Structure formats: C-alpha cells, structure tokens
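Visitor: I would like a close look at a single part of this protein, and then at its surroundings. Please keep to what can be checked against the coordinates.

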Amino acid sequence: MYTNESIDSVISLYSDMVYRLAFSHTGSKSDADDIFQEVFLKLIDCTTPFQSEEHRKAWLIRVTINCCNQLWRSAWRRHTVPLDHLPEESEETIFPQESALFCALQKLPAKDRDLIHLFYYEQLSVREIASILSQRESTIRSRLTRARQKLKSILEEDN
C-alpha cells in the first residue's frame with residue numbers, strides 16, 4: 001500500500017509524536033524505540049485506507065497506546081526486574097526543562113499519563129481524544145481534571 005517515499009513522509013511527519021507518547025508511557029528509551037518500530041511496521045502492514053490525515057494520526061496514537069499496554073501485559077515484562085537507574089540522556093532530550101515534571105508524570109497511572117500527554121504535548125482537543133479513545137467527551141474532561149489534580153498533588157509532595 002505504501003511506497004518508500006510515502007512511508008518516509010509519514011514517518012517524518014509522525015515520528016516525534018509516536019516516540020514521545022511511547023516514551024511518556026514506558027519511561028524507557030529502549031522500550032520506546034521498540035514500540036516506535038512496532039507501530040510503523042503495523043502501519044506498513046495496514047491495508048485499511050485512511051479517510052484523512054486526522055484519521056491516520058488517530059490510528060497511530062491508538063496503536064501506540066495499544067502497543068504500550070501490550071508491553072506492560074507481556075509475560076516477559078512481568079518476570080523482569082528493572083536495573084538501577086542508569087544515566088540516560090533520553091529524559092533530558094525529550095523533556096529538557098521539566099525533569100521534575102517528567103518524574104511526577106511517571107508517578108501517574110498510565111491512563112492519566114496518556115491523557116496529559118495527548119492534551120498538552122500533542123495538543124489534541126478533548127473531542128479528538130474522546131474519539132481516539134472511544135469515550136464520551138464528558139468522561140475525558142473528568143478524567144483530565146482528576147489527572148491534573150493527581151499531578152498537582154504529586155508535584156506539591158515533591159517540593
């Protein structure tokens with residue numbers, strides 16, 4: 001379905017969004033790299049035609065979230081122990097001026113972290129997020145309000 005030029009243009013257009021969302025969800029550069037690769041491989045294999053660029057963007061966001069969730073549910077992930085924190089440049093590269101904010105975001109549950117990321121980093125409207133996540137707009141607004149409150153209390157505790 002895709003030519004080399006068209007897949008390159010899609011990757012260049014959406015690579016930052018997919019990577020940031022994957023990194024925000026996993027907190028690991030290597031996991032984000034794996035998810036990034038898996039998302040775009042799924043795009044290449046996808047045979048469903050997209051109605052618009054917004055449809056393609058929503059599909060990429062949904063697939064990224066699904067791949068992240070799949071990673072967390074995998075048997076391999078459940079039976080591993082994380083290494084001590086190794087110095088990685090990825091946190092500073094992705095979220096340069098807000099490492100305290102990044103640490104606070106990592107303390108949020110994944111669903112709340114996804115909402116915050118989609119709303120603030122990807123600048124999607126509540127309507128777009130509701131469409132992508134197949135939920136009502138009022139539900140998204142409520143969840144977003146609760147996520148902000150949780151984030152605020154985490155940031156206040158850390159200070």
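Which residues does Gln70 touch, not counting residues up to four places away in sequence?

Guide: This is a predicted model, and everything below refers to that model. Leaving out residues up to four places away in sequence, Gln70 touches Glu38 and Lys42. Gln70 itself lies in helix α3, which runs over residues 53-73. Its relative accessible area is 42%.

The largest nonpolar core has 41 residues, and Leu60 and Ile61 have the most contacts inside it. Helices α1 (4-26), α2 (29-45), α3 (53-73), α6 (99-107), α7 (110-121), α8 (126-133) and α9 (137-158) each supply at least two of its residues. The largest share, nine residues, comes from α1. Leaving out residues up to four places away in sequence, Leu60 touches Tyr14, Met17, Val18, Val39, Phe40 and Leu43. As general background, nonpolar side chains in soluble globular proteins tend to be buried together.

For the chain as a whole, there are nine helices and zero strands. Of the 159 residues, 38% count as buried. Among contacts between residues at least 6 apart in sequence, 67% join residues at least 24 apart.

One such stretch of the chain is α6, where Lys107 is found. Lys107 and Ile154 are 47 residues apart in sequence, yet their C-alpha atoms are 7.8 Å apart in space. Lys107 touches both Ile154 and Asp158, again not counting residues up to four places away in sequence.

The expected span of a helix is 1.5 Å times one less than its number of residues, so the 12 residues of α7 should span 16 Å; the end C-alpha atoms are 15 Å apart, which agrees. Buried residues in α7 are Asp112, Arg113, Asp114, Leu115, Ile116, His117 and Leu118. That list includes the charged residues Asp112, Arg113 and Asp114.

Helix α7 packs against α9. Two packed helices are described by the angle between their axes and the distance between the axes. The axes of α7 and α9 come within 9 Å and cross at roughly 100 degrees. Angles of 65 to 115 degrees count as roughly perpendicular, so α7 is roughly perpendicular to α9. From α7, the residues in this contact are Lys111, Asp112, Leu115, Ile116, Phe119 and Tyr120; from α9, they are Ile140, Arg143, Leu144, Ala147, Arg148 and Lys150. By type, the contact divides into seven nonpolar, no polar and five charged residues.

Two loop residues remain. Most residues other than glycine have a negative phi. Gln123, in the loop between α7 and α8, has a positive phi near 55 degrees and is not glycine. Ser134, in the loop between α8 and α9, also has a positive phi near 55 degrees and is likewise a residue other than glycine. Exposed means over 50% relative accessible area; Gln123, at 66%, is therefore exposed. Ser134 also counts as exposed, with a relative accessibility of 66%.

Definitions and conventions. Residues numbered from 1 in each chain as written. Predicted model: local features only at pLDDT ≥ 70, side-chain atom pairs only at ≥ 80, totals over all residues. Heavy atoms only, no water. Core = buried A, V, L, I, M, F, W, Y, C linked by side-chain atoms within 4.5 Å. Buried < 20%, exposed > 50% of the residue type's maximum accessible area, 1.4 Å probe, protein only. Helix = DSSP H or I, 4+ residues; strand = E, 2+ residues; numbered from the N terminus. Contact = heavy atoms within 4.5 Å. Axes fitted to C-alpha atoms, helices over the stretch in contact; angles between N-to-C directions. Parallel < 35°, antiparallel > 145°, perpendicular 65-115°, else oblique.
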